[in-house]
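Thanks for coming. I will take a few minutes to walk through one model, so please look at the screen.

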Number of protein chains: 2
Amino acid sequence: MARKIQRSYIREILDAINEETISFAGGLPNEKLFPMEQLKQASNKVLKNSLSMQYSKSQGLDGLREHIAKIYNEKFNFPTTKDEILITTGSQQAFDIIAKTFIEDEIFVQTPTYIGALSAFKVLDLKVKGFNNHSCLNRELKKSSAVYIMSDFQNPTSESIDEVNREIIAHVLEKNGPILIEDGAYSLLDFEGEIKKPISAMYENSFHLGSFSKIVAPGLRVGWIRAKKELISQILSSKEALDLHTPTFNQMILNEYLNQFNVFEHIKIVRDDYKSKMEFMAKCFNKYIPSFQFEVPKGGMFIYGKFEQDTFELAKKAIENNIAFVPAKVFFHDNQDSCEARFNFTNSTFEQIERGVKKIAELLEEYKIKEAG
Amino acid sequence: MARKIQRSYIREILDAINEETISFAGGLPNEKLFPMEQLKQASNKVLKNSLSMQYSKSQGLDGLREHIAKIYNEKFNFPTTKDEILITTGSQQAFDIIAKTFIEDEIFVQTPTYIGALSAFKVLDLKVKGFNNHSCLNRELKKSSAVYIMSDFQNPTSESIDEVNREIIAHVLEKNGPILIEDGAYSLLDFEGEIKKPISAMYENSFHLGSFSKIVAPGLRVGWIRAKKELISQILSSKEALDLHTPTFNQMILNEYLNQFNVFEHIKIVRDDYKSKMEFMAKCFNKYIPSFQFEVPKGGMFIYGKFEQDTFELAKKAIENNIAFVPAKVFFHDNQDSCEARFNFTNSTFEQIERGVKKIAELLEEYKIKEAG
């Protein structure tokens, strides 16, 4: 009777992880960098006002929406007012809200793509189709389709779409008129601090998603949707039916945090830390598993690359040995077999990164011996 | 293209309310009673641990789930383990999670019923049917149906189902086997502290919903679903696809609050306050609008009653005069006209209650004069 919904492999891994596990699996930020002292100051100020614990507006707090609009205006070069922002309970919730309101047919996703988006679309029984490039999109897109794209440091591949291709995609979309969901979860995590203009700035029928999870802290579960006012007013009732509104308290803390502190100074600390972790992990792969092919990412939280064998079995073997990473199979909408895999570098120490990669190298050796035997 | 989803009338009223408005409209708890000092203590303790800001398990924090299970065991006389609890982002989210996973056909709701449940079911395109009593249910129920019931201090009527009728309903359900969603949002708000055994304790294919919104604070958006383990594991992936998990921080604060303080001592304060507000509002109605017919509620947050005229127009007139209440029309799944209306008494002062009821009496007089003219 119940719809058969597969739990996400990643969440299952996260649940299975114990204190011994070296985990490259999740997309967990480095919790040692969370601005705890500042959040405490913000929280204590907010707790002086009992309205922080009361119900509030479905669209979200005005002050916080103003802060977010400012980021679009000043950093993304994308003119935005607070009325064009809707606060969501994590960016994840945006998929459900938008899909429920607008998508009745099919959605095109990059191959591979973010597993959380796949789950959200599949729970709603949408037809999920993959696309590799804009020509493919141009060929298959209908007006009733929707498109999901992560333009910056895509999860899982860490690839970004360059300016020229953004314009081409915007042009392809303009021709057909589908809904675009553009996910900016990692857009502010370029190692050098570069911030690209979203495709959404060139295409009106679009929803741009953002989140405080990767730039402040995921445990607050505060994200947002940026869209033109008419679209926001259409999704508002879906948001409301879902959880009335995102926690008032969490919104007020972030608002106060952004009032008092410069979040971009904090992001700089995060970027620098992630860059050094990434460089170290890349070095370890080159040293211990030279056959692993990957592009060195320019931002984001993952190294994505290709082994010489299917990674689904390898990942299972690894988790038995207390090393977790994610085989790419789960990132494909059609669950295709793959030799690729994703490694998170932000939530491990240098020592764990080296030990983990070495252990995977050993497991690969064991396979070779078995095969040779 | 977008599905036509009506925004909830109540949320629209809440959005429209300004500082001058006397609002009997929302289901807002009295924020003056929120345990701010205790929440601050809990929050400061929790903020010493940076994991409070990290991602966490989709099912929710173990400690918090244990506290909730304890409430079922000790207060509801309903044996429960922490594995039978799933934490939700407000109780509201439970409707979406359960409906999405289990309901493909129709759902029976009480007439009238909670407007948030109606919205959640309608967003998912479910066929919503009303029932007045168990005989009606017995006649029309199929195995593929679902049933939504609020057994205690139902929103909007404030009526409770007595023990005998709970058993009869359980029997009717047993015969047909549908999914039961039983909403316990107000179950702990009996003015005398009585707590009834839920129907779910007599019927296995059920989800019992609870929330901290009415007993601690709604701004944290933490609720839960209680169901047998097999059902919990089936809804887990829908929860995960929705928002990954409920904010870690908020769960840890409530867990710490429940570790350190006796929430039932706090609930006693809330109950006593609400009882005195209710008694005062009842007195005002009897004094200023003797034609308004209502049962004096034994718990909950609303007085529900009947005027001599349709209340939809009256409510509009009232909001123009800065008095907000909810006409019953919006609580009916089929939007039928009604002379009934719901008045919240928990979020107004005694002075506001008297002034508000008096003002409505004046508006009714104006109508009479108009009609006579």
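Predicted model: local features only at pLDDT ≥ 70, side-chain atom pairs only at ≥ 80, totals over all residues.

Let me start with one helix in chain B. In α5(B), the buried residues are B:Ile115, B:Gly116, B:Ala117, B:Leu118, B:Ser119, B:Ala120, B:Phe121 and B:Val123. That makes eight of the nine residues of this helix, which runs over residues 115-123, so the rest of the structure largely encloses it. Buried here stands for under 20% relative accessible area. Just after α5(B) comes B:Asp125, with a positive phi of about 60°.

Next, chain A as a whole. Its secondary structure consists of twelve helices and 13 strands. The radius of gyration of chain A is 21 Å, and the globule rule gives a value close to that, 21 Å, for 373 residues, so chain A is as compact as a globular protein of that length. Along the principal axes, the C-alpha atoms of chain A fill a box of roughly 65 × 50 × 50 Å. Of the 373 residues in chain A, 64% are buried. If we take contacts in chain A between residues at least 6 apart in sequence, 76% of them join residues at least 24 apart.

Chain A exposes about 14,200 Å², and 47% of that comes from carbon and sulfur atoms. There are 47 positive and 51 negative side chains in chain A, with the centres of the two sets 2 Å apart.

As for annotation, an unreviewed UniProt entry lists residues 32-360 of chain A as "domain: Aminotransferase class I/classII large". Over residues 32-360, chain A is 43% helix and 15% strand, and the end C-alpha atoms lie 26 Å apart.

Now some backbone details. Where does A:Pro112 sit? A:Pro112 is in the loop between β3 (106-110) and α5 (115-123) of chain A. The peptide bond joining A:Thr111 and A:Pro112 is cis, with omega about -5°. In chain B, a cis peptide bond joins B:Asn155 and B:Pro156, with omega about 20°. B:Pro156 belongs to the loop between β5 (146-149) and α7 (163-176) of chain B.

B:Leu244 has a phi of about 65° and lies in the loop between α8 (229-243) and α9 (248-260) of chain B. B:Asn322 also has a phi of about 65°, and its loop runs between α11 (311-320) and β11 (323-324) of chain B. Are these residues buried or exposed? B:Leu244 is buried, at a relative accessible area of 11%, whereas B:Asn322 is partly exposed, at 26%.

Methods. Residues numbered from 1 in each chain as written. Chains lettered and ligands numbered in written order. Heavy atoms only, no water. Helix = DSSP H or I, 4+ residues; strand = E, 2+ residues; numbered from the N terminus. Rg over C-alpha atoms; globule rule 2.2 N^0.38 Å. Buried < 20%, exposed > 50% of the residue type's maximum accessible area, 1.4 Å probe, protein only. Contact = heavy atoms within 4.5 Å. Areas by Shrake-Rupley, 256 points an atom, 1.4 Å probe, with all protein chains shown as cover. Lys, Arg positive; Asp, Glu negative; His and termini not counted. Charge placed at Lys NZ, Arg CZ, Asp CG, Glu CD. UniProt positions renumbered as here; feature names shortened; annotations may be inferred.
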